[in-house]
Amino acid sequence: MSHILVVEDETIIRQALRRLLQRHDYEVTDVDSLDAARQQSLDQFDLIISDLRLPGGNGTELISLAGRTPVLIMTSYASLRSAVDSMKLGAVDYIAKPFDHDELVDAVRRILADSKATQTASPSTEQEQDYPVSGIIGSCEAMQVLFRKISKVAPTDATVLIQGESGTGKELVARALHAQSQRKNATMISVNCAAIPETLIESELFGHEKGAFTGATALRQGLVEAADGGTLFLDEIGELPLEAQARLLRVLQEGEIRRVGSVQSRKVDVRLIAATHRNLRELSHKGEFREDLYYRLNVMELHLPPLRDRGEDVVELAQALLGRRCEKMQLAAMQFSPEALDTVRRYHWPGNVRELENAIERAVILADDDQPISADLLGIDLSPDSYVSNTLKENLVQTEQPGNTDSEQGDLSLDDYFVHFVLENEARMTETELARKLGISRKSLWERRQRLGIPRKKK
């Protein structure tokens, strides 16, 4: 049964329209103002029928909010100009009041049939049209700019530097660049530079000869060499030690590598894509990142906006992730409640898309099959101090310096407390000890370090 939203401020017309549609077996929700319509989860409807002139604005404002839901505009100001203007803004059709009942029902049937045909069209064609980069969802202007840049730089062999906060999808962009490149049939090797111990990173990247160091019992090919002919993606490249940076620079300049313990160089043909959440320019000024390597990397720079700056993309992403999760778990399709969608919109999402995906997975596991997903199942806390654990705050308050008063510390956010505690104690504590003291896992400690720009100091 199709679900239709009617937005009409005149009570008699609204009630008559509801009864007419219900007689033709449509489920109807009716509201009397633009503000009331905005409070609905518009993407749950199959059609929106709205008056042109409403308290608080024009019905055409719903067109941009409705996403893929078609909007039929009603107007008693029937004229060619109002009709054309509505259609230009994206209305699927318009009808003049007072309208003929049969004419309205025919229009509704036609619009719903066209909409259903569009939705059942080839998924690959539809996705290609809406999201030119496979696997990445985004309709906001910043993402559209990113898509255009990807389509231009992908076919080239230019080195690309992807910048964005943790969890924004930098590896997805790297994979999209590879998939649209001339190297798409070759290998793409992904390396998280922060996850490899400093003592092993040169051996991992460039390989080693037998006997090059203790434990090197056999010759080993490095990851750069393994990516020969394809693409090498270096995530969190800002964590790469200076010695490895010098070797990487040689790869970019000369197209060759030398295994650890070898005197022979080998030619490699690799397209390099790097990613980081840190400001490499600032690091190069501080001497923590080679300036010459920075300029070699920064041939083409792509910025991934954080989820909090992407507007309604967060709802679009949530709906898509929900569908994928249900399909993966072989469950019937689920929906969010209006309160859950409102919570999704209002939350800051410090962990970006990764945090959203985790929240949805938890909600799907806990949800009842016959009920919409409620806000509480998402496990989201909208309070200002929700981004760092209460245990963290308690531990940090205990470690404040003697001269600091409560009033001086009262204005600090929990992120500020985290930064203060880590900087004060990282020299005398191991990562395990820091994490235990903060009441979080080592993985959470590393992720928060990345997000707040305080990576582990190199020893």
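**Figure 1. Packing of helix α9 against helix α11 in the predicted model.** Helix α9 (residues 198-206) and helix α11 (residues 242-254) pack at an angle of about 15°, and their axes are 9 Å apart; helices (H or I, at least four residues) and strands (E, at least two) are DSSP runs, numbered from the N terminus, while axes are lines fitted to C-alpha atoms, for helices over the stretch in contact, with angles running from 0 to 180 degrees between N-to-C directions. That angle makes α9 roughly parallel to α11, given that angles under 35 degrees count as roughly parallel, over 145 as roughly antiparallel, 65 to 115 as roughly perpendicular and the rest as oblique. The crossing of α9 and α11 is left-handed, a term used if the near helix is turned anticlockwise from the far one by less than a right angle, with right-handed used if it is turned clockwise. From α9, the residues Ile201, Glu202 and Phe206 make the contact (heavy atoms within 4.5 Å) with Glu243, Ala244, Arg247, Leu248 and Val251 of α11. Sorted by class, this contact of α9 with α11 has 5 nonpolar, no polar and 3 charged residues, where Ala, Val, Leu, Ile, Met, Phe, Trp, Tyr, Cys and Pro count as nonpolar, Asp, Glu, Lys and Arg as charged, and the others, Gly among them, as polar.

Residues are numbered from 1 along each chain as its sequence is written, and side-chain values use heavy atoms, with hydrogens and water left out. Because the model is predicted, local features need pLDDT of at least 70 and side-chain atom pairs count only at pLDDT 80 or more, whereas totals for chains, interfaces and linings use all residues.

Figure 2. Arg247 counts as partly exposed because its relative accessibility is 24%; buried means under 20% relative accessible area, exposed over 50%, and partly exposed in between (1.4 Å probe, protein chains only). Leaving aside its neighbours within four places in sequence, Arg247 is in contact with Glu202, Phe206, Arg258, Arg259 and Val260. Arg258 lies 11 residues from Arg247 along the chain, and the C-alpha atoms of the two are separated by 8.2 Å.

**Figure 3. The largest nonpolar core.** This core has 30 residues, and those with the most contacts inside it are Val224, Leu232, Leu234 and Leu297; a nonpolar core is a set of buried Ala, Val, Leu, Ile, Met, Phe, Trp, Tyr and Cys residues joined through side-chain atoms within 4.5 Å. At least two residues of this core come from each of β9 (188-192), α9, β10 (231-235), α11, β13 (271-276), α12 (280-285) and α13 (291-297), and α11 gives the most, with 5 residues. When neighbours within four places in sequence are left aside, Val224 is in contact with Leu205, Phe206, Leu232, Val251, Ile257, Val268 and Val270. Apart from this core lies another, of 27 residues, which includes Leu317, Val344, Trp349 and Ile380.

**Figure 4. The charged residue Glu225 in helix α10 (residues 223-226).** With 13% relative accessibility, Glu225 counts as buried. Not counting residues up to four places away in sequence, Glu225 touches Leu205, Ile257, Arg259, Arg266 and Val268.

**Figure 5. Helix α8 (residues 170-179) and its cover.** The buried residues of α8 are Lys170, Val173, Ala174, Ala176, Leu177 and His178. Among the elements that cover these buried residues are α7 (141-153), β8 (160-163), β9, β10, β13 and β14 (300-303).

**Figure 6. Crossing of helix α14 (residues 313-328) and helix α15 (residues 338-346).** The axes of α14 and α15 come within 9 Å and cross at roughly 125°, and the two helices are therefore oblique to each other. In this right-handed crossing of α14 and α15, Val314, Val315, Ala318 and Gln319 in α14 meet Leu341, Val344 and Arg345 in α15. By class, the contact of α14 with α15 has 5 nonpolar, 1 polar and 1 charged residues.

**Figure 7. Positive phi values at Gln330 and Asn352.** Gln330, a residue other than glycine, has a positive phi near 55° and is found in the loop between α14 and α15, where, at 74% relative accessibility, Gln330 counts as exposed. Asn352, likewise a residue other than glycine, has a positive phi near 60° and lies in helix α16 (residues 352-366), but at 0% relative accessibility Asn352 counts as buried.
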